[in-house]
Amino acid sequence: MTSVLYDVPGPRAVLRNRVLGVATVVVVAALIALVVWRLAVTGQFSAAKWSIFTYTNVWVQIGLSAVRTLAAFAAAGVGAIVLGFVLAIARLSEHRWVRIPATVIVEVLRAVPVLIFMMLLYYGLPVIGIRLDSYWAVVIALVAYNGSVLAEVIRAGVVSLPGGQSEAGYAIGLRKSGVMRLILLPQALRAMMPVVIAQLVVTLKDTALGFIITYPELLYYAKLIGSNAVYGSPLIPAALVSGSIYIALCLGLSYLARVVEKRTSRAPGVARTEPIDPRRHEEQTVTQVLSAQIDPLDVPGDGGPSR
Amino acid sequence: MGIIIDNLDLWGDALWGTLVLFFAGAAIALVLGLIVGAMRVSPVPIARAVGTVYVNVVRNTPLTLLFFFFAFGVPLLVGTRVDFLALGIWALGLYTATYVAETIRSGINTVPVGQAEAARALGLTFSQVMTLIVLPQASRSVIPPMMSVLIALLKNTTVAAGFSVLNLGSIRAYLSERGENALGVLLWVMVIFIVLVLLLGWLQRWLEIRWKVTR
């Protein structure tokens, strides 16, 4: 790979890069070796600690908790996209009495940590007599937060479209709703698809917060296995197993985002609005798409990290 | 208001806990993120690979799981009990560092190619190109997304609540022992977070105007 930042390396640079490369490998290998050695010394790889994973029932339970994680994710993902559309359209409205409340709602929902919102739904609402299942507390909190983030993403996508698009729509006699529904939103959504999927990865990761309000999802079950004294409290093995599942799920979604991005950038019909920088590196980052597409004063409060 | 005035001591401690998590976590994240971001654009292929693996693995791990790993794994690794606050700071720092690294990398990409080309045409080396030409310009365009990362970090401090670190996320549990109304407590926590996030947002706009790149 070449970059504008440096030349194709000559013989001395190649040598220096190799030395630096070896140094990097040594440092990283030493760190990993230290961790593995300490884990081995403290008996984390002993058969006793892993034997709990030899039972079919345990794996059935792991599967069920993964399904509960995915169930919360699916409901939250769909809900967030719907809410995102509603709020984005409301914020783009010409009527002040629609636009201003929508703006306030988006700003407030984005500023409140998801976990606090979950706690409010799960521990707070019973005070006034409303008792929510932990599943619904997780889903509603994730919908509220991610919906408000997606609203900004979709709105940014619409704003970045050339003005001629909506003018052409009005010129052929469409009404405001038609221009929005038939012309602006489809293009905006296609342009912003990678960011939308990246936000869905955040949603998937944030379902793990449900563990704190006792929603029995993957991490909750990992904790349960991990505190099983009969098998020597295999917390580390449980964390490793559940961690691999989470990483596999999220990497799958991220991979999908990259595929979608490549597809849309190849499709001839999509108007690539000029904010996408042609000199970007191969893999574009979320922040980059956001910063490229959005008026700098209007960057969503969350660049992807959950937060 | 009674909820706050009657328990001023606890609210003070909780706010302090949140701020310590935020500032210490941000310090680790910024330093480590700068290193990893530099690794990801460096001419050394292995450094790029290490940076990529770190960013991809950690970004695809839930923060809660990372906390879980730190709370239960690290005490085993070092062989002694470690303060949960310190563990929480490291978990937040290592997690946020990946986002900082990505932000820095995307900031480097916003610097016009001509700038780097001109610098190389003058015969500057990679480190000179970076420190004299690219990073000073990138650091300005990076401010809005970087503040977004920091706002996210601020909100993420609440996750420490699941691991018995006193902060605004865990104050509900402490106050319900004193018989306070959970709904009221959580609404106040929400208000505090909205104020803190608005403060950071205001700082972001101020820095942006002050350090605007004229192109």
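The legends below describe close-up views of a predicted model.

**View 1. Confidence in the model.** The prediction has an ipTM of 0.87 and a pTM of 0.83.

**View 2. The largest nonpolar core.** A nonpolar core is a set of buried (under 20% relative accessible area, 1.4 Å probe, protein chains only) Ala, Val, Leu, Ile, Met, Phe, Trp, Tyr and Cys residues joined through side-chain atoms within 4.5 Å. The largest one has 112 residues, of which Leu5(A) and Trp11(B) touch the most other members. Helix H10 of chain B (residues 182-210) supplies the largest share, 11 residues; helices are DSSP runs (H or I, at least four residues) numbered from the N terminus.

**View 3. Surroundings of Trp11(B).** Beyond four places in sequence, Trp11(B) is in contact (heavy atoms within 4.5 Å) with residues including Ile3(B), Leu168(B), Trp188(B) and Ile192(B).

**View 4. Thr214(A).** Thr214(A) is not a glycine, yet its phi is positive, about 65°. This residue lies in the loop between helices H8 (176-206) and H9 (218-226) of chain A. Its relative accessible area is 35%, so Thr214(A) is partly exposed (between 20% and 50%).

**View 5. Ser164(B).** Ser164(B), also not a glycine, has a positive phi near 45°. The loop that holds Ser164(B) runs between helices H8 (143-156) and H9 (171-177) of chain B.

**Notes.** Residues are numbered from 1 along each chain as its sequence is written, and chains are lettered from A in the order in which they are written. Local features need pLDDT of at least 70 and side-chain atom pairs count only at pLDDT 80 or more, while totals for chains, interfaces and linings use all residues, and side-chain values use heavy atoms, without hydrogens and water.

Definitions and conventions: Helices (H or I, at least four residues) and strands (E, at least two) are DSSP runs, numbered from the N terminus.
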